[in-house]
Amino acid sequence: MSVKEKEKGPRWGMVADVDRCTGCKACVLACRSENNVPVVGEQEVNRGRILDWIHVDRFWKGEYPDVTAEFIPMLCQHCEKAPCESVCPVYASHHSHDGLNAQIYNRCVGTRFCANNCPYHVRVFNFFSPRWPQPLEQQLNPDVTARDTGVMEKCTFCVQRIRRAELDARLRGKPLRDGELRPACVQSCPTSALVFGDFHDPHSAVSKTARSPRAVRVLEDLGTEPRIVYLKADRRKEII
Amino acid sequence: MSFKAPDLSIKQIYDEVMTTVLGPRPKMATLLLMIILAAIVLHGVFQFFRQSFVGLGVTGLTMPVYWGIYIATFVFWIGVAHAGALISAILRITGAEWKSSITRIAEVITLFTLPAAASFPFIHMGRPGLFYYLIPYPNNRLIWPNFKSPLMWDFFAISTYFIGSVLFLYVTLIPDLGTARPNMKGWRKTLYTILSFGWRGTAEEWKRVKEAAALFSVLILPVVISVHTIVSWDFAMQLVPGWHSEVFGPYFFVGALYSGVAAVFTVMTLLKWRCGFKDLITPIHYDMLGRVFLALGLAWAYLFFNDFLPGYYSNEPDKMAYFRYLAFSHPYSVLFWLMFLTNFVLPIACLSFKGFRMSTVPMFLLSIGVNVGMYIERVLIVFCGTQVYNPLARNVTVYVPSFTEISIVAATFAGVTLGYMLFIRAFPILPIWELAETKIRQTVREIAGKKVYYFKSGE
Amino acid sequence: MGRICAEFAEPDEALAAHRALLDEGIPSQDIEIRSPCPLPEEAIPPHRSHPMRMRNWVRFFWICGAIGGFALAAGSQLDFKIFTGGHPLVSLPIDVIIVYECAMLTGLITTLTFFFIETRRYRKMCPPREEDLPVAEGHVALVVESEEAERAAGILRQRGARSVATLAFLVLFLLAFPGCTVRMRTQPVIKSTAREGVAQPRGTVTMPGLDERKHLYGTVLGYAIPEQVRELDKKDVIVPTAVMRMKNPVPYSARSVQRGREIFGELCVLCHGVKGKGDGPVADEFQPIPADLTDPVTQQKVDGELFWRITIGPSSMPSFYDRLTAEDRFHLVNFIRSLTRK
Amino acid sequence: MEAPEEILWKRIKITALGLFCFLVVFSFFLPMWLARVKAQPIAFSHARHAGVRQISCVFCHTGVLKGDMAGVPSVKDCMQCHQVVRPDSPEVQKIQEHWDKGTPIEWFKVYNLPQHVHFSHRAHVSKGIECKTCHGDLTHMDVVRREVDLNMGKCVSCHRENKAPDDCTICHR
């Protein structure tokens, strides 16, 4: 994507403060209900087919008895040079004009190429048709397509909220304010470990926090340019 | 020993080749085998439909392993399909006279294995009904497929290769269909009339068919190289440590030719036993093709080593983890060393002896061994690439193919066999005109009391 | 003009007979050799020599295919500008692969096409006949078509006369793309998000839906039982005293009148007419006829009563309690006032 | 007496023709049949309401300006006027029946977008896109036909003409 193209609109991004994350997984649940992420059941999870768009990885630090857990919320990193995008034969996975790593479910034919090529392993596949027992189907979010079997899915930064907020702002005639727009996970985080905003705006909360000396990106040396910045005091540790 | 054309008149060649087509009705055992094969195919089709309605959950695929035995079998079949191009194109270009007994055998292998291979991407898809999204045609959605995806390259390469090899097979089949047409009865007559396209066998037509065959050979050879390179790029373009390797292109290509030649040996031997081409398929053919086989085996071993050495030498952690997983972890180490035995140790040891190369039964067993080894190689590459432990992936289980997957894979094996059996009943499996031409072009000269056979150049 | 065909078991015999015919003075153009395998070219003088241009055509179309492939790859990427993986829109190293495969495919197809064209150039498109045959059982045949066929037949052993044919090439497979319009509609997506999929409680009628409710289009009542609705649709206008006393909370202003005019244009104009005279396009259907809003009888009513009338709808007028917010109804009141004020 | 080769030729021609017809049916008529417009439960005439009587679209399709859905008027909305207007007409009697029983009218949705397409009437109407751009000129239609084929190409080309964003996530989420 050329520099000119980048200048146009907002570049949505997120800052995740690992030191503030308590591993409560409120974000996981919020994401599940916002985005119609199905529950696959115990048996399937045991087989490794868990469906979640955001999960909290736990790493143990130190030797017994001085053990502490470290929690890292992992979600789609919305890479600037995403490896998953190029390999999709039908553009189901592609870069949207505002830099989101978009996933178009109805276009997806289910080759699972993108899932192999994602170094963060955050893309999940619908192995079965999700079932919504009778009253539960009423809680589905009508703004999000319910995915059927054979489709890849992943975190979209709650693109439905972004688009609706953009539309509202346009009809209102005023631009979006920073912090007005929040994905479900950010909205539900009790410790405010997650911050969402526009990286293109130097005064936004994300831009300011991303300049912190604690800032680090996951697997940065792969050259994928992820758009999620993690804040971590001890930067030399395992993954990050 | 120089090559000598079979000691038969054109009429005798014709009769011997046409025995499979015009000969007696197949025996009960053959019919029974066909019925069993058809049943396996139908079961596979049923399982495929079940899979596409229920979802890919019926397979054994789990989270880090998104590509399973379907892709492994796809790569294997593509590899076997390279037999046709190798024998017909390379040998035709180099003017190897002994090729004429083998060309069509090899081309027909391509004819059936390539569709078997091409079906796997669709079987593997989550939503196979939407495969037309991959076809670049002007549509009412105004959106095109992504030409940056290796799968699109695959789509182009495989369809080019399939069209090319079918046309190649067809062009070289036309003269034989024309020659055999007057003797045909019933549905075969109709078929031959339509397919032979009014072939008469005049000198003009012969000139053109040879020209077309020469052009096809030159055009299809680079296509064939590109096909398996592109298939290897499916893996090599990815950020998976075991797959992201620059040597994968030639490595896959040589491996493909290796398994292709092995498949030719298997089919050749079966034809020799079952159809009685005793005079047309001789130990000399085994010897000649065996030399090619040996060379390919050595080349494969070299590239295999080349894939492994840089990672080992530089202690690249990702690569080393992958190789350690391959060679020493429980479920895969057995397969790995079996592959090493059947693909490298046994062929290299045996094929360097002429006596071994010329004997039918050992070569048959060896060819099957190499094909099993090559299949295992594909399986290891596909499975282990993503299965190997990665801290970001949530590995829970080891991927094991489910019954559905195995029955669909078995269905393609049965389908290829069945297709080949039916083809033999319908069309001449050896090229009559090429055999006859070899015979005509052969000249005998006595030098120092010994008969020397040589061939006037074709063109 | 006679035609004869003689068969020989071995190519050598046929070539010898061919030479004998030439020696007897039969021109070589009249003799056609039909063989089951290519015979050495130097042994046969040309029957009818047509230049063979297959190779050049393949070269030409190979280049065309390459250009076409590039046009397909680059053109389609420019048509719908979708960026992926940080690559530029048209990236040459990647497109070269498509270009290469397209060129090769065109080359291969051209070879077959020109093979057919060149072998079939001088024949009519007519049904294949018994005569359009090479000779059976791998024999070699000489077909002589000449004035002196009889004499040639004498030289050779005599056989019957024969002729030629070909078939039309069926390219129907191009039509095999089934209609893609329908596939998109019936794509398997769970219908739970569908409007009509949401079950409606028994005995109720639909009310403004989720989106409308969200955007404050009316009082949120949810599902209403018809009796309740009908009660609200009282035809006897008994204006509550509280409402009668109510002052207009929306001050009279140009903006308020403008907003009122908009709503009036959408909902009221069809009965009350553009000028509020009660002469809209459907006014004649209503009995009693719609009120003339400019009439002093209407204008003398207090704001609260006008508001209430709009809310519940007196006599034949529909009620707007669920269609308009209270604020909008007061805008309307202001608009009605403006009809006579100016 | 025809020669056997000519009979063969004839058969080939018949087969080809049959194949052609088959393909035409399956690629053209079958989709058309699947996408056909079914009959409405009540003979509502847009020509009468929106054409002759010039009732604005918003009067009945209330959601157009405010929400994503345009909405189909409820039985109550119909009855608001038709309690007074032509209550004796047989079609209005049908509405009356629904009203008395308290059952909704099951209209057949003519312009039906797939579930995975998110379309907002509000966004389009507020930008001045007229109803007939997508729904055809309803003021002359007694029975609503699908006059405009709403496929993705139609959406995309209109978006491009009007310089609207043609990003995939605008419609597919």
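Reader: How many residues of chain C are in contact with chain B, and with how many residues of chain B?

Author: In this predicted model, 76 residues of chain C touch 67 residues of chain B. By class, the chain C side of this contact is made up of 44 nonpolar, 16 polar and 16 charged residues.

Reader: What is the area buried between chain C and chain B?

Author: The size of an interface is often given as the accessible area lost when the parts come together. Here the area buried between chain C and chain B is about 6,600 Å², and carbon and sulfur atoms give 68% of that area. On the side of chain C, the residues that lose the most area to chain B are C:Pro38, C:Glu101 and C:Leu108, which together account for 10% of what that side buries.

Reader: How many salt bridges and polar contacts are counted between chain C and chain B?

Author: The count is two salt bridges, and there are nine residue pairs in polar contact, both residues being at pLDDT 80 or more. One of the salt bridges joins B:Arg208 to C:Glu118, with the closest N and O atoms 3.1 Å apart.

Reader: Which elements of chain C give two or more residues to the side that touches chain B?

Author: These elements are strand 2 (31-34), helix 2 (54-79), helix 3 (92-119) and helix 5 (180-185) of chain C, and helix 3 of chain C gives the largest share, 17 residues.

Reader: Where in chain B is confidence lowest, and where is it highest?

Author: Where pLDDT is low, the predicted coordinates should not be read in detail. Chain B averages a pLDDT of 88, and 98% of its residues score at least 70; the lowest mean, 70, belongs to strand 2 (residues 450-455) of chain B, whereas helix 14 (residues 403-426) of chain B has the highest, at 94.

Reader: Is B:Asp287 buried or exposed?

Author: B:Asp287 counts as buried because its relative accessibility is 3%, which is under the 20% cut-off. The side chain of B:Asp287 meets that of B:Arg291 in a salt bridge (3.2 Å, N to O), and B:Arg291, at 39% relative accessibility, counts as partly exposed. The two residues are four apart in helix 9 (residues 283-313) of chain B, so about one helical turn separates B:Asp287 from B:Arg291.

Reader: Which parts of chain A does the salt bridge between A:Lys81 and A:Glu225 link?

Author: The closest N and O atoms of A:Lys81 and A:Glu225 are 3.6 Å apart, and the pair links distant parts of the chain, 144 residues apart: A:Lys81 is in the loop between strand 3 (68-75) and helix 4 (83-86) of chain A, and A:Glu225 is in the loop between strand 9 (215-216) and strand 10 (228-231) of chain A.

Technical notes:
Residues are numbered from 1 along each chain as its sequence is written. Chains are lettered from A and ligands numbered from 1 in the order in which they are written. Side-chain values use heavy atoms; hydrogens and water are left out. Contact means heavy atoms within 4.5 Å. Buried area is the accessible area (1.4 Å probe) that two parts lose on being put together, summed over both. A salt bridge is a side-chain nitrogen of Lys or Arg within 4 Å of a carboxyl oxygen of Asp or Glu. A polar contact is a pair of N or O atoms within 3.5 Å; within protein, one must be able to donate a hydrogen and the other to accept it, and residues adjacent in sequence count only if both atoms are side-chain atoms. Ala, Val, Leu, Ile, Met, Phe, Trp, Tyr, Cys and Pro count as nonpolar, Asp, Glu, Lys and Arg as charged, and the others, Gly among them, as polar. pLDDT is the predictor's confidence in each residue, from 0 to 100. Buried means under 20% relative accessible area, exposed over 50%, partly exposed in between (1.4 Å probe, protein chains only).
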